[in-house]
Structures are given as structure tokens and as C-alpha cells.
Amino acid sequence: MVFSFGGLDLGGVELGRALAAATAISFSGAPLGVFLVLRRLSLSGDVYTHTLFPGVAIAFLIAGESVSAMIIGGLISGLLVAYLSGLVARITVLKEDASLAAFYMLSLAIGMVLLAGNDHAEELLHVLFGDVFSIDHTSLLVIAALSSATLFTLALVWRALVMESYDRVFFASVGGGGAATHMVFITLVILNLIIGATALGTIMAIGLMTIPGASARFWSRNLGVMVVVAITIALSASLAGLICAAYTGLPPGPTIILFAGAGYVASIIFGRFGGLISRYGKRPHLEA
Amino acid sequence: MADPMIQLDNLTLGYDRHPAVHHLTGTFQKGCLTAVSGPNGAGKSTLLKGISGAIKPLEGGVRMTGIASDDVAFLPQQAQLDVAFPISVLDTVCMGHWRKSGLFGTITSAMISQAMAALDVVGLNGFESRPAGALSRGQFQRVLFARLLVQDAYVMLLDEPFTAIDEMTCEALLAVIHQWHDQGRMVIAVIHDIAQIRQHFPQTLMMARECIGWGPTNEVLCDDNFQAAREISNGWVEDAAICERVEAA
């Protein structure tokens, strides 16, 4: 099957799968990105990607280049590190960032030691940096299923997540489950980093979450609208980036992120709330 | 059923084994309106956190009679919230409905009317759809009081509710406190303004890590007690010995 666009053949079933995967990832990742930004965890997202490494490495050593095995492996090690660092932060004097910083370097070291001397480690690198055009049918189904599950879970915990993000002291005082809410959220983030990584690569996956999340802040002061804006930016960047990559042969992951970056720059300049023009543009002040 | 009350039973609260509240014993009676007074570092905030259950006692305990643990509302000192957080004033007030709504329950139109009425009481009629971050410090404190109104708890714990608040707002919020008192609720508030305590709070607990005085305001706020509060060191003694004091039961 050949996709045509404006009379041009853009590619076969690979592009179709890539577009479908990117759409799914945009829909579930972007709302998480909004919350990552609101919870001041934008940088932690990058850290969490590294925690996937030992699990992915072990899965690779056992099962070879199987995407499903690596998703499961990455999920296990990512969650393990998130829970451990959360636990250390809650029961000792260390704050979450310091505890996470130690654990993620450990994960990286473990992964590298595990892969030392393995002749096929380069194949793993290929996977770690993702290739959206080589997603097979099974992987696409896994991505779609996990994205749907993310959106469903997000809808379930929405109220708790908003309250905990805004006023965790109050939420604790009325008996809300702050720690549980945080863990559900981090689980979703890790899940989406993994499926994002299979398509865009580990490093780029976090970009498709946080860049639209950060951009959305410039366009609304309503959380629901922000989420819609973030999804729109992620989706447009994914589609534009994929088509551009298919045309030019550029690597798709970074191309998508560059398009998202363009949306970010535009938001900084033109954003209605706190954008450069709205802040520094010379417009007469209002009466009241 | 026995009258609702909160008994502090040889309560010691602190951090890292160092006491911030030391061997405090006494009772907050049904419907009391009590000011907690004392110098900085006296353990006033720690006491409220202890009563609300946010921190566990090092020794002794807080015994509530006729008050469910979820019937206690707590307004922390200077809630430092993200002013750019995308949430409206109405939604902020509706957070007070959590105990009723939980994760999945609908915020009914009755609950919304209740929130609107609360905004009316604190003088923020017409502010409901504004972003919470667009309010001034005093207006936001009014929102937090509206949220307490919606919470509808029997015990109100207020930690320095009037710090950095102008006189007009202060009057409006004191009116809310008196309304709670008239409804028979228990209000325990950390207050620094002595004149305000004399004028509005019938009972006072003066503390400086230890209890200095606890009873009718005009008796507690005397020169001897002020002197005693000043004399007790608020210092943290790094190599303090283990406290061996045994309170008579």
C-alpha cells in the first residue's frame, strides 16, 4: 500500500505505521508533558529515560532484538528505580532529585557493564535510538494499546493529579493519596518514555512530551485547553517531521523534535500568556 | 455522646528527636476559639501539624473525642503555590469538596452553589472564573478561607492566617472565624498580633516549646508570661541529652 499526499508517493506501509505510532504517542505523551512541566519535573523526564537502560540491556541479552521484550525490561527497571528513589526520598533525609540522580547513574553503569564485551551491542544502540520506520505490526499494536491505557488512566486519576500538582499539602490534609498519585503518574511517564523510545529513540521521546507541555503554558490558563494545545503541537510536529524525514532521508526522531522546537519558539514569541510580544510589546494599558 | 474535644496528652513533637513542642498537656474544649501565641521558633506551627496528624508525636499523643480525624481542616502558613498554575478560583474552592467527591464523585450543582456562596462570604463575588494566580496575596488568602468554608470541618486549624494581609481582608476573615465560632466549631489559630488576640480570641495558649500559659486570654497574656516566653531558649542544642522527664499522669 502506498500513501500518497498531494499526488506524491510518500512511502509504503512503513510510513503508515510510523504515522499511526507517532499519533498514538502524541496523544498520550503530550498531556503527561503538561503535568511534568506543572510539577517541575521537566528535567527528571530525561533522567527517567536512563533508568530504562539496564532492563533493556538484560532483555536484549536474553531475547535479542525483540521490541516487546525490551519494553517489558525497560518498564521493570524504570519503575524499580522510580519506586526506589521515591522510597529513599520519603524515608530518609534525601530529596527526590538527589536520590534519583544517584540511582539513574547506577542504572546507566549497570547497563554498560552488562553489555560490555557483547558483540551485538551495536544492534541495541540502533534500538535505543529508535527507528520509527522499522516499527512492525506487533510493536504498533503494543504502542497503541499502551497509549490508550495511558489516556484511560490519566482520565481516572485526573482530579487527584491536578490537586496533588497544585497543592500537595492540602491534598495530604484531606486524606488524598499523594504518594500513590505520584507513583501512578511516574508509571505513566515511564511507560510513555518506553513506547516513545521505540519510535523516536530514548532521548527524543522525552522531547515530544516536555516541549509541547512547555509550549502549551503560553497559550492558555485553563488546564484542559493546555492539554489540547500540547496534543495539537505534538501531533503536528510528528506528522510534519515524519513526512519531512520520509522525503529527505533525515533521521525521523530528531526531525520531529525540531518541528516541535519550532512550535516552542513560536509559542515563546507569540504566546498570549507571558510570550515575548505580549510581555514586551508596546500596547496601551487597560483601564482596570 | 461526650462533648467533642481535643486532648493533648504529654505531647512532644519535633524533628530528628529534638523537641519543638515539649511535654504539652491540656484540652481544647468543645467550640473553643483559641489563639496560639509565642515567639518565633516556639513550636506553634509544629503543634498545628501535630494536631492535624501531618507529623507523628515523639512522645505522648493527641486524643480526639467525638471528632473524626477527617473532620479537621488545616490552613498551613503562607501556602506557597505556583501562581501560574492553570486553575480557576472556583476550582480551587471546589478542592474543599474532596472528602465528599473523592476521585470519581461528581461535583454537583449543589456543591458549586456552596462554593459560590463561600466566595460570597469572603467577599470575592464575581471572582469565580478568574485564574487563581491572577489574585493578590490577600485575595488568595480569601480563596483559601472559602475553601475551608466548603470543607465544612468541625475543627479549623489556622497557621498565621493574617500574615501579610491588609486590615480590610483581615476584618473580613475574622468575621468568618467568628461565624465558625458562633456555629459551635472549634477554631485554633496561630496569631502574632497581641491586640488582635485580646479583641477576638477568648482563649489563648502561650507557648515557647513548653506551655507557658493556657486559659482565658486576659489571664494568659500577662507580663510574667511574656517574660517567661522570652527566657526559654528557642535554640537547637546539637548535643542535647536524652530527655528523662516523666509527667505525672
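Visitor: Which residues does Ala230(A) touch, not counting residues up to four places away in sequence?
Guide: Ala230(A) touches Ala30(A), Pro31(A), Gly33(A), Val34(A), Pro212(A), Gly213(A) and Ala216(A). Contact here requires C-beta atoms, placed from the backbone, within 7 Å of each other. This is a predicted model, in which local features need pLDDT of at least 70 and side-chain atom pairs count only at pLDDT 80 or more, while totals for chains, interfaces and linings use all residues. Residues are numbered from 1 along each chain as its sequence is written, and chains are lettered from A and ligands numbered from 1 in the order in which they are written.

Visitor: Which residues touch the most other members of the largest nonpolar core?
Guide: Leu208(A), Ala230(A), Ala260(A), Ala146(B) and Leu157(B) do, in a core of 152 residues. A nonpolar core is a set of buried Ala, Val, Leu, Ile, Met, Phe, Trp, Tyr and Cys residues joined through C-beta atoms within 7 Å. Buried means that 20 or more other C-beta atoms lie within 10 Å of the residue's own, exposed means 12 or fewer, and partly exposed is in between, with C-beta atoms placed from the backbone.

Visitor: Why is Ile135(A) called buried?
Guide: Ile135(A) has 21 other C-beta atoms within 10 Å, so it is buried. Ile135(A) sits in the loop between helix H6 (121-128) and H7 of chain A. Helices (H or I, at least four residues) and strands (E, at least two) are DSSP runs, numbered from the N terminus. Leaving aside neighbours within four places in sequence, the contacts of Ile135(A) are Arg17(A), Ala18(A), Ala21(A), Leu140(A), Thr198(A) and Ala199(A).

Visitor: Why is His23(B) called partly exposed?
Guide: The count for His23(B) is 18 other C-beta atoms within 10 Å, so the residue is partly exposed. His23(B) belongs to strand E2 (residues 18-28) of chain B.

Visitor: Why do Asp16(B) and Arg17(B) count as exposed?
Guide: Asp16(B) has 7 C-beta neighbours inside 10 Å and therefore counts as exposed. Arg17(B) has 10 such neighbours, so Arg17(B) counts as exposed too. Asp16(B) lies in the loop between strand E1 (5-15) and E2 of chain B, and Arg17(B) is also placed in the loop between E1 and E2.

Visitor: What is the phi of Asp16(B), and what is that of Arg17(B)?
Guide: Phi is near 60 degrees for Asp16(B), a positive value in a residue other than glycine. Arg17(B) is not a glycine either, and its phi is positive at about 75 degrees. Most residues other than glycine have a negative phi.

Visitor: What makes helix H1 (residues 44-52) of chain B mostly covered?
Guide: Eight of its nine residues are buried. They are Lys44(B), Thr46(B), Leu47(B), Leu48(B), Lys49(B), Gly50(B), Ile51(B) and Ser52(B). After H1(B) comes Gly53(B), with a positive phi near 90 degrees.

Visitor: How do you know that chain A agrees with a compact globule?
Guide: With 288 residues, such a globule would have a radius of gyration near 19 Å, and chain A has 20 Å, which agrees. The radius is taken over C-alpha atoms, and the globule rule is 2.2 Å times the number of residues to the power 0.38. Chain A has 13 helices and two strands, and 49% of its residues are buried.

Visitor: At what angle do the axes of helix H4 (residues 67-91) and helix H5 (residues 96-115) of chain A cross?
Guide: They cross at roughly 145 degrees and come within 8 Å. Axes are lines fitted to C-alpha atoms, for helices over the stretch in contact, and angles run from 0 to 180 degrees between N-to-C directions. By class, the contact of H4(A) with H5(A) has seven nonpolar, five polar and one charged residues. Ala, Val, Leu, Ile, Met, Phe, Trp, Tyr, Cys and Pro count as nonpolar, Asp, Glu, Lys and Arg as charged, and the others, Gly among them, as polar.

Visitor: How many residues of chain A are in contact with chain B?
Guide: 18 residues of chain A are in contact with 15 residues of chain B. On the chain A side, helix H7 (137-166), helix H8 (168-173) and helix H11 (223-248) are the elements that give two or more residues. That side divides into ten nonpolar, five polar and three charged residues.

Key. Two residues are in contact if their C-beta atoms, placed from the backbone, lie within 7 Å.
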